[in-house]
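Reader: Please show the model, and then we can go through it by question and answer.

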Amino acid sequence: MFTCIAIDDEPLALEVIKKYIAKIYFLELKGTFTDAFEAKKALDASPVDILFLDIQMPDINGIEFSKSLSSKNTAVIFTTAFGEYAVEGFNVDAIDYLLKPIEYDRFLKAVYKAKEYIEYLNNQELNQGYIFVKSDYQMVKINLKDILYIEGLDDYIKIYLSQKSVLTLMTLKTITQKLPPKEFLRVHRSYIVPISKIENVSKSKIRIADREIPIGVSYSDSFFAAMEDKMS
Amino acid sequence: MIAYTTIIITLLIFFGVFPRLYQHLFGGDIQRFANAVRPNPNRPRNFRPPILSPGSITIFLLVFIFSTGIKVINQWLQSERRSKQIENEKLNAELSFLKAQINPHFLFNTLNNIYSLAADKSDLTAAAVMKLSNIMRYVLTEAKNDTVPLEKEIQFITDYIELQKMRTTDKTCIDFIIAGESNGKQISPLIFLPFVENAFKYGISTRELSPISILLEMQNGTIHFQVKNSKHKYTNIRPAAKTGIGISNTKRRLDLLYQNRYTLNIDEDPKDYTINLNIHV
């Protein structure tokens with residue numbers, strides 16, 4: 001799922017965006033705001049993937065607002081009634097620029113653009129990303145793309161790579177925060193798996209590199225929802 | 001007028017009085033000199049040219065006609081310039097409605113709101129379309145005239161405010177009071193709009209309560225128009241935009257159309273912004 005927030009000073013304008021978002025299965029609306037400052041609080045607390053942002057607002061200009069965003073991984077889609085800010089909009093790395101009234105097809109196109117952009121960012125993070133963990137009095141580099149799965153053993157975690165495994169003093173919770181959340185999913189109290197390494201999934205088991213990983217009951221819903229996005 | 005009288009009097013003195021005075025003072029000397037040079041026994045010794053000799057009357061009339069002509073042409077040019085100026089200002093106001101003043105933001109945002117209502121199959125859709133259509137028609141047809149019936153201008157402002165209400169959040173409450181009878185009075189079109197527009201432009205916040213109150217009172221040929229809005233610290237007013245081209249245009253229009261028949265007071269304190277406009281029509 002891709003999370004999103006919409007900001008517009010006009011309630012009726014938000015209604016349209018709400019309706020469109022509800023039609024798109026991979027979007028999850030985290031909230032709509034007429035007050036940009038409230039939205040800022042929510043965004044700082046938990047960043048979203050896509051932000052629908054009006055430009056002409058009474059208390060703050062949307063372009064100024066987008067510059068103040070702390071997360072660089074948020075795809076900004078500007079929505080405005082009048083086209084005088086288009087150039088400026090693209091100067092602040094907007095994904096797209098929608099003119100109100102917005103047609104659904106045009107909206108969908110912008111959303112797909114944003115989706116592609118976020119997936120690209122995630123892939124890049126995955127392919128070039130790495131972490132260092134302490135193991136046997138050494139700092140060991142681990143490329144994210146090499147991780148097959150991670151097993152939690154009380155205070156330790158065991159990171160399984162294709163050739164070897166690395167044992168380090170860390171909890172599953174701590175490592176989760178260091179990994180790209182769209183790729184690495186908690187599937188069990190003791191397991192984290194990268195989606196791209198999954199070979200097949202049955203009702204309660206995941207198969208990765210000829211090993212079977214159980215799906216915990218309390219993690220099953222979020223896991224299958226994430227898998228849904230990858231279904232074609 | 002003063003300059004004109006001065007010219008006439010000066011010319012009178014110059015052509016009428018001065019020769020006599022001159023002769024009176026130096027007459028004797030000149031006479032003696034003239035007699036010495038060209039003695040003329042037929043001329044009486046104390047000859048004085050009459051004040052209203054045919055010569056001086058002709059000169060006086062010529063000057064009179066000439067200066068009157070200048071005066072008339074001047075006046076005509078001035079009134080021509082003035083009506084042209086009024087024409088231009090009105091044209092500007094009309095154009096600016098579509099260009100900048102009822103700005104495209106208003107138009108497209110309103111259309112977007114109507115779109116939203118229509119998508120919801122809301123019962124309010126038809127009324128909103130009607131209001132927008134009314135104000136577009138007013139601007140495109142009525143605003144061309146020099147004056148319009150006051151009721152029509154009031155209806156226009158009412159529709160405009162109704163549409164703005166649709167756009168705002170529950171933080172904004174709008175009071176619009178009309179008191180008195182318009183009694184078939186005429187008014188220059190779109191004269192109140194810039195003040196109302198500014199209230200919505202600068203008086204609105206989505207963070208704080210932002211009341212806007214508009215009062216239109218008609219009494220014995222005087223229209224009292226008051227717009228009051230709160231000020232907000234977050235509202236992004238650019239210093240240059242604050243004095244507003246809309247208001248300065250309107251002031252010019254008022255000067256041209258209601259010279260000496262209107263008063264405009266703008267009161268500003270840290271919390272509120274109030275304009276009071278009185279027009280005698």
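Reader: How many helices and strands are there in chain B?
Author: This is a predicted model, in which local features need pLDDT of at least 70, side-chain atom pairs count only at pLDDT 80 or more, and totals for chains, interfaces and linings use all residues. Residues are numbered from 1 along each chain as its sequence is written, with chains lettered from A and ligands numbered from 1 in the order in which they are written. Helices (H or I, at least four residues) and strands (E, at least two) are DSSP runs, numbered from the N terminus. On that basis chain B has eight helices and seven strands.

Reader: How are α3(B) and α4(B) oriented, roughly parallel or roughly antiparallel?
Author: Axes are lines fitted to C-alpha atoms, for helices over the stretch in contact, and angles run from 0 to 180 degrees between N-to-C directions. The axes of α3 (residues 104-119) and α4 (residues 124-140) of chain B come within 9 Å and cross at roughly 160°. Angles under 35 degrees count as roughly parallel and those over 145 as roughly antiparallel, with 65 to 115 roughly perpendicular and the rest oblique. Therefore α3(B) and α4(B) are roughly antiparallel.

Reader: Which classes of residue make up the contact of α3(B) with α4(B)?
Author: Residues are in contact if their C-beta atoms, placed from the backbone, lie within 7 Å. From α3(B), T110(B), I114(B), L117(B) and A118(B) meet residues of α4(B) including L124(B) and V129(B). Ala, Val, Leu, Ile, Met, Phe, Trp, Tyr, Cys and Pro count as nonpolar, Asp, Glu, Lys and Arg as charged, and the others, Gly among them, as polar. By class, the contact has seven nonpolar, two polar and no charged residues.

Reader: Why does I247(B) count as partly exposed?
Author: I247(B) lies in helix α8 (residues 245-257) of chain B. A residue is buried with 20 or more other C-beta atoms within 10 Å of its own, exposed with 12 or fewer, and partly exposed in between; C-beta atoms are placed from the backbone. I247(B) is partly exposed because its C-beta neighbours inside 10 Å number 17.

Reader: Which residues of α5(A) are buried?
Author: Helix α5 of chain A covers residues 104-128. Its buried residues pack against α1 (11-23), β2 (27-33), β3 (50-54), β4 (75-80) and β5 (96-99) of chain A. They are F107(A), A110(A), V111(A), A114(A) and L126(A).

Reader: Which element gives the most to the side of chain B that touches chain A?
Author: The contact takes 23 residues from chain B and 20 residues from chain A. On the chain B side, the elements giving two or more residues are α3 and α5 (150-167). With 11 residues, the one that gives the most is α3(B).

Key:
Contact = placed C-beta atoms within 7 Å. Expected span 1.5 Å × (residues − 1).
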